[in-house]
Amino acid sequence: MLNHRRAIAAEQAHPPIGRFLDADGVRLHYFERGAGSPLVLLHGNGGMIQDFLSSGLVDKAALRHRVIVFDRPGYGYSERPRDKLWTPEAQADLLASALRQIGVAKATVLGHSWACAVAVAMAERHPDVVGSLVLEGGYFYPSVRLDVVPMSLPAIPVVGDILRHTVSPWVSRLLWPRLMRKIFGPAPMPEKFHAFPREMALRPSQLRASAEETALMIPAAVTAQGRYARIRVPVTIIAGQGDRMVMARYQSARLHEEISQSTFICLPGTGHMVHQTATAEVLGAVEHVAAKAA
């Protein structure tokens, strides 16, 4: 009951900031700003619209682009029906349908972390929607990850439901400072990230979405390996050299070697949250790849 009350309080403190649409029977929450060539921003595992908003990337990009930011299924105020496995392919189809509804074509799609897999699937399956890609801090190739099992527990039916409504939110609060050091390191967490609504991310519903995506991470990378060489749109790959979540030299650098038309930017002193700690460089990557697509 306490976790339920805290989730309600979080939603009261942070009401929806964008619009809603229905795509294939799923209610999605999205935020839009600016005019010009379309730029779609897809947050990583555990994130939501406010991640990109707090970074300043949306405001800067909106000076030249029509910027659209989604709460991906299960995050923020977007639904995540339990009768479907929300793989990168399923999310790509859903988001492409949503973008067509609002008149978006040949967009630059930026995926961060887990959402890189969604962006890649969108480029392959929906070429009318995607004109270019920016892949930030992505996990592209399967590897041994000891953190996957404990972080996936809240996704297990029944047992996971009990965990999400009892101990998981409290454990997550205790581990939050350590997680921030890991995802931002070696850079410090910037002051602007305090605008990110932590309690929204610790709601039982969002913990389920995050756990499910953690469980899908390695299988999704196995499935996606065969599609990288088929990408034909311009691609910029950007990563932090000091990323402690996903090692750039084994992931982003390897992907660059496989995609002949890609550009690779590896930033020293930067970790997993590149758009937060190197916002100007990410914006530069967007402009570079959008110009190539044009």
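Please keep in mind that this is a predicted model. I will begin with helix α8, which gives the most to the lining of the largest pocket, contributing 10 residues. Along with α8 (168–184), both α6 (148–152) and α10 (204–224) supply at least two residues each to that lining. The pocket holds about 1,300 Å³ of space, and 48 residues line it, with Met 151, Leu 179, Ser 210, Thr 214 and Met 245 lying nearest its centre. Sorted by class, the lining consists of 29 nonpolar, 14 polar and five charged residues.

Let me turn to the salt bridges, of which the count is 18. In one of them, Glu 287 and Arg 64 meet through their side chains at 3.8 Å, N to O, and this pair links distant parts of the chain, since Glu 287 sits in helix α13 (residues 279–293) and Arg 64 in the loop between α3 (57–61) and β4 (65–70), 223 residues apart. Arg 64 counts as exposed, because its relative accessibility is 57% and the cut-off is over 50%.

Arg 227 forms a salt bridge with Glu 89, with the closest N and O atoms 2.8 Å apart; Arg 227 lies in the loop between α10 and β7 (235–240) and Glu 89 in helix α4 (residues 88–101), so this pair ties together parts that are 138 residues apart in sequence. Arg 227 is buried, with a relative accessible area of 8%, and Glu 89, at 15% relative accessibility, also counts as buried.

Conventions: Residues numbered from 1 in each chain as written. Predicted model: local features only at pLDDT ≥ 70, side-chain atom pairs only at ≥ 80, totals over all residues. Heavy atoms only, no water. 1 Å grid on protein atoms, 1.4 Å probe; cavity = no way out; pocket = protein on both sides within 12 Å on 5 of 7 lines; lining within 4 Å. Points joined across faces, edges and corners; volume = space filled by probe spheres on them. Helix = DSSP H or I, 4+ residues; strand = E, 2+ residues; numbered from the N terminus. Nonpolar A, V, L, I, M, F, W, Y, C, P; charged D, E, K, R; others polar. Salt bridge = Lys/Arg side-chain N within 4 Å of Asp/Glu carboxyl O. Buried < 20%, exposed > 50% of the residue type's maximum accessible area, 1.4 Å probe, protein only.
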